[in-house]
Amino acid sequence: SGHGYKLTRQWLRLIVAERGWRLLENLILHSDELFELVSPRRLLLKICADGRYDDAAAVQLVRALESRFPGLAKSVVDVFGDTPLWYTLYRYQRCASVIGGWKEDPSRLCSELVYRFGCDPNHKNSAGLSWRAVKCAMK
């Protein structure tokens with residue numbers, strides 16, 4: 001940073017913990033220091049899975065990542081074969097367990113966005129399950 005401030009892991013944790021999504025969005029778009037602390041891939045998966053940000057904020061963060069790293073959403077697969085779509089299911093489970101269930105999917109907008117960015121709903125993970133199959137079974 002050219003202003004004498006250094007982004008540290010501690011500051012990044014604080015930004016995430018305090019739900020400072022607009023600041024995080026700005027860092028995604030303009031800071032190389034952010035990606036010295038966390039990879040774009042790992043940040044994308046965290047945003048998709050973490051219930052700290054509401055769905056609309058998660059969408060803005062995913063859009064920012066995709067604009068900075070085009071093709072990121074469709075290329076990310078973790079060691080278990082899970083894609084960002086799978087991680088939106090983790091957000092759903094985390095949010096539902098906190099409040100005792102949801103009538104609406106709290107990750108609908110985020111999952112629709114990563115799908116539009118090319119994330120394959122039929123991609124099977126290491127357990128042989130696709131996001132689409134699990135999502136259909138949840139209905």
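These legends walk through several close-up views of one predicted model.

Residues are numbered from 1 along each chain as its sequence is written, and side-chain values use heavy atoms, with hydrogens and water left out. Because this is a predicted model, local features need pLDDT of at least 70 and side-chain atom pairs count only at pLDDT 80 or more, while totals for chains, interfaces and linings use all residues.

View 1. Helices (H or I, at least four residues) and strands (E, at least two) are DSSP runs, numbered from the N terminus. The pattern along the sequence is α-α-α-α-α-α-α-α-α. Of the 139 residues, 45% count as buried; buried means under 20% relative accessible area, exposed over 50%, and partly exposed in between (1.4 Å probe, protein chains only). Among contacts (heavy atoms within 4.5 Å) with a separation of 6 or more, 69% join residues 24 or more positions apart.

View 2. The score used here is pLDDT, the predictor's confidence in each residue, from 0 to 100. Its mean over the chain is 85, and 86% of the residues reach 70 or more.

**View 3. The largest nonpolar core has 38 residues.** A nonpolar core is a set of buried Ala, Val, Leu, Ile, Met, Phe, Trp, Tyr and Cys residues joined through side-chain atoms within 4.5 Å. Ile-28 and Leu-34 have the most contacts inside this core. Elements giving it two or more residues include helix H1 (9-17), helix H2 (21-30) and helix H8 (108-116). Its largest share, 7 residues, comes from H5. Look around Leu-34 and, leaving aside neighbours within four places in sequence, you will find it in contact with Leu-7, Leu-12, Leu-24, Leu-27, Ile-28 and Leu-43.

**View 4. Helix H4 (residues 40-49) is largely enclosed by the rest of the structure, because 7 of its 10 residues are buried.** The buried residues of H4 are Pro-40, Leu-43, Leu-44, Leu-45, Ile-47, Cys-48 and Ala-49. Cys-48 has a relative accessibility of 0%.

**View 5. The cysteines form 0 disulfides.** A disulfide is a pair of cysteine sulfur atoms within 2.5 Å. For Cys-48, the closest cysteine sulfur belongs to Cys-110, 4.0 Å away, which is too far for a bond. For Cys-119, the closest is that of Cys-48, and 7.7 Å is again too far for a bond. Cys-119 is buried too, at 2% relative accessibility.

**View 6. The structure has 1 aromatic pair.** Rings of Phe, Tyr and Trp (its six-membered ring) pair if their centres lie within 6.5 Å; planes under 30 degrees apart count as stacked, over 60 as edge-to-face and the rest as tilted. Phe-35 and Phe-69 have ring centres 4.9 Å apart and planes at 80 degrees, so they are edge-to-face. Phe-35 lies in helix H3 and Phe-69 in the loop between H5 and H6, so the pair ties together parts 34 residues apart in sequence. Phe-35 is buried at 18% relative accessibility, while Phe-69 is partly exposed at 26%.

**View 7. Asn-125 sits in the loop between H8 and helix H9 (131-138).** Asn-125 is buried, with a relative accessible area of 12%. Asn-125 and Phe-80 are 45 residues apart in sequence, with their C-alpha atoms 6.1 Å apart in space. Leaving aside neighbours within four places in sequence, Asn-125 is in contact with Phe-80, Gly-81, Asp-82 and Trp-86.
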